[in-house]
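Please work through the exercises below with the sequence and the model side by side. Try each task before reading its solution.

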Amino acid sequence: MKIVFVVLDFKNRAGLERILTDRMNYMADVWGWDVWLIAIFQDDSIDCPYDISEKVHVEKLGESYYVADGVKSYRKKVLKWLRWSKKVQNRLDDCLERIKPDVVSDSVYTNHIFRTGKHAKYVFESHIDNKALVDGSNFGGLGTIVKRYKYRQREKEADAVVCLTKGDSENWKYAKRVEVIPNFTNILPQKDCDVDSKRVISVGRLCKQKGFDVLVRAWKLVAEKHPDWRLDIFGDDFYGGKEDVVGEIDRLDLSGQVTIHPACRNIADEYSKRSIFVLPSRWEGFGLVLLEAMKCGLACISADCRFGPRGIITDNPLCKQKNDTARGPEMFDAGILVPVEAETAMADAICYLIEHPDERKRMGANAMERAKCYDKDVVMQKWKDLYESLS
């Protein structure tokens, strides 16, 4: 089978890039499929963040308005943006016509309608939840309306929409077919985590979605009770988000307790040096770093955001999201859930695990066992069944 994955760019050390790399490598190396990656914005000067198999073909179109002028510039130059969009669409169509794939799997979060040609089956992958995907635009209110309309068109045109959780699957009301296929992780714990370490870790892109500002405010409460503990945040700047997090650290005078590190290639080694993991996200499509931390045996705390963390930590059904920040932590065998944007509840959960080292150890062991539910071979078989059913 010949399959093409289309993305805007493939340069960030983030969850989408990680899971697509793992899947493409598996398809090419294990199944022997003819696998292609098309990165619309990227050019040859930008390397891919993870090690892609030599059997995977990579096409970089290098057509980026973000790199050239920036979104704000194009808000004032609509005609120029439309010409750019048309040019990108034509180059993409020409590329697909040359490759002639059986399936095109689309992870392009942009608002032009995606076209796959006459013969290829079209799979639309949603790596964030439906509401976050269709709401908001760099081009203001009218842009949001257009974006929502075009995403709905793509949803209707797709031969299948694939999302990461059962909760999100209920929001794709116009799709011909909706499949739920979770992520997996190839991360390999190099050693047992240090349950006696007085360090907490959080991982993700430095942007509003990931909620690091909430975590920093929670840490102010933690530091008052446990000044000898430290918080380490690993992640790269995402369109200026780092400045906001650093500003919150400085405002709360936490520079001695909170450290921001760049994203690293061997995150498993960093997990092993800590005893607690925290995911403070406002929303997630899945929460791959949570699964990574659990596989490495860390006791985990997560915001109960749409839609992934609750399903990863527990078998309980999807939480009915509430705007109730007074709701306290919910304790499970494999982790703790706290309300979204509730720094007091998050601080309480962190302090609980700090003050109960035996519970940290027990919860970390249960988390490692729970992570086995997301076995790579089982998840990849779901993808194979889907692709083969479309051909």
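This is a predicted model: local features need pLDDT of at least 70, side-chain atom pairs count only at pLDDT 80 or more; totals for chains, interfaces and linings use all residues.

Residues are numbered from 1 along each chain as its sequence is written, and side-chain values use heavy atoms, with hydrogens and water left out.

**Exercise 1. Describe the open sheet, its edges and a helix that lies across it.**

Step 1: Strands here are DSSP runs (E, at least two residues), helices are DSSP runs too (H or I, at least four), and both are numbered from the N terminus. Two strands pair if DSSP finds at least two bridges between them.

Step 2: Seven strands in the order S3-S2-S1-S4-S5-S6-S7 form the open sheet, and their pairing is parallel. Strand S3 (57–60) and strand S7 (178–180) are the edge strands, each pairing on one side only.

Step 3: Helix H1 (residues 15–31) lies across S1, S2, S4 and S5, running at about 165° to S1. Such angles run from 0 to 180 degrees between N-to-C directions, with axes fitted to C-alpha atoms, for helices over the stretch in contact; contact means heavy atoms within 4.5 Å.

**Exercise 2. Work out how helices H13 and H14 are arranged.**

Step 1: The axes of H13 (residues 343–355) and H14 (residues 357–370) come within 5 Å and cross at roughly 100°.

Step 2: That makes H13 roughly perpendicular to H14, a label given to angles of 65 to 115 degrees.

Step 3: H13 makes the contact through Tyr352, Leu353, Ile354 and Glu355, and H14 through Pro357, Glu359, Arg360 and Met363.

**Exercise 3. Which residue forms a salt bridge with Glu355, and which parts does the pair tie together?**

Step 1: A salt bridge is a side-chain nitrogen of Lys or Arg within 4 Å of a carboxyl oxygen of Asp or Glu. The partner of Glu355 is Lys225, with the closest N and O atoms 3.6 Å apart.

Step 2: Glu355 lies in helix H13 and Lys225 in helix H8, so the pair ties together parts that are 130 residues apart in sequence.

Step 3: Glu355 counts as partly exposed at 37% relative accessibility, whereas Lys225 counts as exposed at 54%. Buried means under 20% relative accessible area, exposed over 50%, and partly exposed in between (1.4 Å probe, protein chains only).

Conventions
Angles under 35 degrees count as roughly parallel, over 145 as roughly antiparallel, 65 to 115 as roughly perpendicular and the rest as oblique.
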